[in-house]
Amino acid sequence: MRVARAIVARDLTLAVRAGGGTFQAVLFLSLAVIIYALAVGPDVGTLSLVAAPVLWASALLATIVSLDRVFQADFEDGSLDVLVETSDTLSLSVLAKAVSHWLSTGLPLVIAAPILGILLGLEPEGYLPVAASLAVGTPGLSLIGALAAAITVSLRRASILVTLLTAPLYAPVIIFGVGAAKAGAAGEALYAPSMLILAAISLFAAIVAPLAGAAAIRLNLD
Amino acid sequence: MAAAIYEFANPQRFETVAQRVIPFAAASAVILLGFGLYFALIASPADYQQGDSVRIMYVHVPAAWMAMMCYSIMAMSSITGFIWKHPIADVAAKSTAPIGAVFTFLALVTGSLWGKPTWGAWWAWDPRLTSVLILFFLYLGYIAIWEAIDDKSRAARIAAIVCVVGFINVPIIKFSVDWWKRGLHQPASVLRADGPSIHSTMLTPLFLMALAYMAIYACLVLISMRNEFAERRLARLERGREEPVSTVRAA
């Protein structure tokens, strides 16, 4: 537990000080939203229809492009070896890496998404559901992403592999995430169950991803 | 149980079994495919609504079944390989992947060809289509992992993790896309509690084709596994030939 806390503290310090991920993720989200808006066209009516899906898709893509930060630097400078040798519960360390990835990437996306929603003409009653569904769903994205990053940590062409591995696994997250955001904005009864399923996916990933990720890291460092 | 598993872990023994089974599997594939296609294309009735386009079913539905079956075989082999470090299970998983991917692709393409005359569109974001498309990308991810790692035993174990994680997700993906949209696909019509809702004249070619696909799979996967073992043996021999030369020089 002490190791896990130290990892989170270290990674957050790195993310804040070393010009790191927080800013990049929000920048990517903003650019993706702008590109979608340019592609869809300036009609606010159309844009507000696709606002929640666009925000979710952009947040998902922003997560994918940030995944190389989870283990890559630690692998290159050797601190991942130290982590494997020293911590008796590597899976807890993997969980800690996923948590710090979420805190430095997912959380900023959750905060930025409703603000960018204004640009997309998102209805005011949609702000909270979009933020809430992202808050519940992005931990799942970070956890599944950390697993993919662990699987590919020592491989060539890791970035395209990470995309190929994560995209199918992200399908349920984005389906229920957008479902929850839309149902919440429309005040439908489906809001609560979609949020619960989204939470279930994130919790399930919190069990599977650290265990499988730890096994993958051990294999990659052999 | 464990003893039986180790008995078949010997590539030499696999080789003798495979040599005997491959001709048998190939012959059954040809015969079953012959009879299956005869019943499917000629001896079965056209559908009263769909006309002759219903015959696409006989190539489409078994391909979709095989797509699922191959992934299940991969997952079981991966688990066996991961737990018992079983070399044949690893190779079985690896060799099944491209065949399963082709069956998945075949299911998608024939489904698209069938969708145009019956649903009026080449593609629809129907839950089953969507989940099969996602399954196709799970196959590609698994194959890509094998391609990206040179060391075979490490590749086998990492690919096994990928396969099993994907397998756990198959029902979740299925559930989510079902929730996502109520589909155009009909509900299950063969495996039902009250018996199949398809007439037996259509069921016979369907099952013949399914058996033919299974025989094709068995034949191809065994050939591919033999190739894989031969390739590994060749690599070992080449390494072995280089090493003695250097020791001779050193002496």
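Colleague: Is V17(B) buried or exposed?

Modeller: In this predicted model, V17(B) lies in helix 2 (residues 11-43) of chain B. The count of other C-beta atoms within 10 Å of V17(B) is 12, and a residue with 12 or fewer is classed as exposed. Therefore V17(B) is exposed.

Colleague: What distance separates the C-alpha atoms of V17(B) and L222(B)?

Modeller: Along the chain, V17(B) and L222(B) are 205 residues apart.

Colleague: Of the contacts in chain B with a separation of 6 or more, what percentage comes from residues 24 or more positions apart?

Modeller: Chain B has seven helices and zero strands, and its pattern along the sequence reads α-α-α-α-α-α-α. Buried residues make up 35% of its 251 residues. Among contacts in chain B with a separation of 6 or more, the share from residues 24 or more positions apart is 78%.

Colleague: Which handedness does the crossing of helix 4 of chain B and helix 5 of chain B have, and how do the residues of their contact divide by class?

Modeller: The crossing of these two helices of chain B is left-handed. Helix 4 of chain B contributes residues including A97(B), T104(B), F105(B) and L108(B), which meet a set in helix 5 of chain B that includes L133(B), F136(B), L140(B) and W146(B). By class, the residues of this contact are 16 nonpolar, three polar and one charged.

Colleague: Why are helix 6 of chain A and helix 9 of chain A described as roughly perpendicular?

Modeller: Helix 6 (residues 90-119) of chain A packs against helix 9 of chain A with their axes 8 Å apart and an angle of about 115°. The range from 65 to 115 degrees counts as roughly perpendicular. The relation of helix 6 of chain A to helix 9 of chain A is therefore roughly perpendicular.

Colleague: How many residues of each class form the contact of helix 6 of chain A with helix 9 of chain A?

Modeller: Helix 6 of chain A passes helix 9 of chain A in a right-handed crossing. Among the residues that meet are L90(A), V94(A) and A98(A) in helix 6 of chain A, and A206(A), G213(A) and I217(A) in helix 9 of chain A. The contact divides into eleven nonpolar, two polar and one charged.

Colleague: Which helix gives the most to the side of chain A that touches chain B?

Modeller: The contact between the chains takes 21 residues from chain A and 21 residues from chain B. On the side of chain A, two or more residues come from each of helix 7 (127-151), helix 8 (158-186) and helix 9 (191-221). This side has 18 nonpolar, no polar and three charged residues. With ten residues, the element that gives the most is helix 8 of chain A.

How values were computed: Residues are numbered from 1 along each chain as its sequence is written. Chains are lettered from A and ligands numbered from 1 in the order in which they are written. This is a predicted model: local features need pLDDT of at least 70, side-chain atom pairs count only at pLDDT 80 or more; totals for chains, interfaces and linings use all residues. A crossing is left-handed if the near helix is turned anticlockwise from the far one by less than a right angle, and right-handed if clockwise. Helices (H or I, at least four residues) and strands (E, at least two) are DSSP runs, numbered from the N terminus. Two residues are in contact if their C-beta atoms, placed from the backbone, lie within 7 Å. Ala, Val, Leu, Ile, Met, Phe, Trp, Tyr, Cys and Pro count as nonpolar, Asp, Glu, Lys and Arg as charged, and the others, Gly among them, as polar. A residue is buried if 20 or more other C-beta atoms lie within 10 Å of its own, exposed if 12 or fewer, and partly exposed in between; C-beta atoms are placed from the backbone. Axes are lines fitted to C-alpha atoms, for helices over the stretch in contact, and angles run from 0 to 180 degrees between N-to-C directions. Angles under 35 degrees count as roughly parallel, over 145 as roughly antiparallel, 65 to 115 as roughly perpendicular and the rest as oblique.
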